[in-house]
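Hi everyone, thanks for coming.

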Amino acid sequence: MEYPSAGGPFDAKRIMERQMSLHSQPPSVPAKWSRLAAAATIALMILGFWAAGGTLPGFQRPSLGTMMLEIGLPLVALGATFCFPDRCLVCAARGDGRLSLIGAWFFAGMAQFGAYHYITPVRRLPLIEFGLTIGAILFAAAVTSQLLAKARLFPLVIALPLSLGWGFGVVVQVNCLLDRSPTTVYRTLVSRKSPGLHAGQALYLEPWGPNPAPKDLLTSYSASVPRATFDAIRQGDTVCVVQRSGAMGMSWYTVQLCPSDGESVLVEPLGGL
């Protein structure tokens with residue numbers, strides 16, 4: 001069959017397939033919004049590194065406001081991907097035409113560790129298990145949103161470690177910041193010191209109070225301390241361990257010079273620290 005005005009064969013099937021492919025492609029957002037989203041992602045990455053170092057103003061000490069921001073930011077971004085799959089994705093591939101919200105993951109996954117350098121769980125394994133489970137649920141939701149939007153999954157590789165880190169940080173913040181349990185002060189000895197940069201300097205401690213001798217690497221007793229505390233202590237000195245039960249039942253502690261009045265290293269009126 002010839003199509004008179006086209007001068008060639010009329011292929012209805014090919015035309016229909018082409019029309020369907022055009023309609024199946026999500027509309028591209030304006031170029032200026034894409035540039036703004038890219039700039040926001042870079043800014044959030046920089047702020048995330050800054051906050052993780054513990055020097056970003058407003059994020060140097062634990063607070064209820066920063067906890068809500070760091071926990072809620074990826075959830076809001078995830079909700080946007082489900083509500084507007086034709087406009088935004090968790091992580092968009094190059095040339096996709098939709099906004100990438102991975103910056104929210106990066107900031108939340110990094111920033112929440114800046115104010116918790118000097119907080120240590122008595123047993124790390126339960127906290128790690130619970131945190132990774134929550135992070136895995138967030139990542140599974142991100143994969144689901146990507147599939148529903150018919151987008152490529154490969155860009156989500158970067159979201160996996162950020163999601164797991166976010167989940168771990170959520171458990172740390174909720175367990176410590178919302179802790180209203182009384183403090184118990186124990187005395188113990190410093191077995192050795194480990195110097196480091198910024199908050200990396202650590203003290204390794206002998207078992208104290210009800211805590212038995214560590215049986216594996218995940219229950220070794222060590223704690224990062226401020227530089228002034230680290231410099232004032234020598235191997236074999238006695239230090240005070242301020243221990244609390246944790247809002248989620250996972251005990252945690254900070255290390256101070258003796259004598260101690262039972263206050264933790266970081267004090268926040270809105271929370272348990």
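**Rings that meet**

A search of the whole structure turns up two aromatic pairs. Rings of Phe, Tyr and Trp (its six-membered ring) pair if their centres lie within 6.5 Å; planes under 30 degrees apart count as stacked, over 60 as edge-to-face and the rest as tilted. Take Trp208 and Tyr221: their ring centres are 4.8 Å apart and their planes are at 55 degrees, so this pair is tilted. Trp208 lies in the loop between strand S7 (202-205) and S8, and Tyr221 in the loop between S7 and S8, so the pair ties together parts that are 13 residues apart in sequence.

Now, Trp208 also pairs with Tyr253. Those ring centres are 4.8 Å apart with planes at 75 degrees, so that pair is edge-to-face. Here the link is between distant parts of the chain: Trp208 in the loop between S7 and S8, and Tyr253 in strand S10 (residues 252-257), 45 residues apart. Put together, ring pairs link Trp208, Tyr221 and Tyr253 into a cluster.

Before going on, a word on where this comes from. This is a predicted model, where local features need pLDDT of at least 70, side-chain atom pairs count only at pLDDT 80 or more, and totals for chains, interfaces and linings use all residues. Residues are numbered from 1 along each chain as its sequence is written, and side-chain values use heavy atoms, with hydrogens and water left out.

Trp208 is buried at 2% relative accessibility, Tyr221 is buried at 5%, and Tyr253 is buried at 0%.

Ser222 lies in strand S8 (residues 222-224). With a relative accessible area of 11%, Ser222 is buried. Which residues does Ser222 contact, leaving aside its neighbours within four places in sequence? They are Thr120, Arg124, Leu203, Tyr204 and Tyr253, where contact means heavy atoms within 4.5 Å. With Arg124 there is also a polar contact of 3.3 Å between the side chains. A polar contact is a pair of N or O atoms within 3.5 Å; within protein, one must be able to donate a hydrogen and the other to accept it, and residues adjacent in sequence count only if both atoms are side-chain atoms.

Tyr204 comes up again with a charge. The charged end of Arg192 sits over the Tyr204 ring, 3.8 Å from its centre. Likewise, the charged end of Lys193 sits over the ring of Phe230, 4.3 Å from its centre. A charge sits over a ring if NZ of Lys or CZ of Arg is within 6 Å of the ring centre and within 35 degrees of the ring normal.

**Spaces in the model**

On a 1 Å grid over the protein atoms alone, a cavity is a set of points where a 1.4 Å probe fits but cannot get out, and a pocket is an open set with protein on both sides within 12 Å along at least five of seven lines; lining residues have an atom within 4 Å of a point. Grid points are joined across faces, edges and corners, and a volume is the space filled by probe spheres set on the points.

The largest pocket has a volume of about 340 Å³. Its lining has 18 residues, and Tyr116, His117, Ile119, Thr120 and Pro121 lie nearest its centre. Which element gives the most to that lining? That is H6, with four residues.

**Stepping back**

The protein chain has seven helices and 10 strands. Helices (H or I, at least four residues) and strands (E, at least two) are DSSP runs, numbered from the N terminus. Phe106 and Met45 are 61 residues apart in sequence, yet 5.9 Å apart in space, C-alpha to C-alpha. For the protein chain overall, buried residues make up 42% of the 273 residues.

Definitions and conventions:
Buried < 20%, exposed > 50% of the residue type's maximum accessible area, 1.4 Å probe, protein only.
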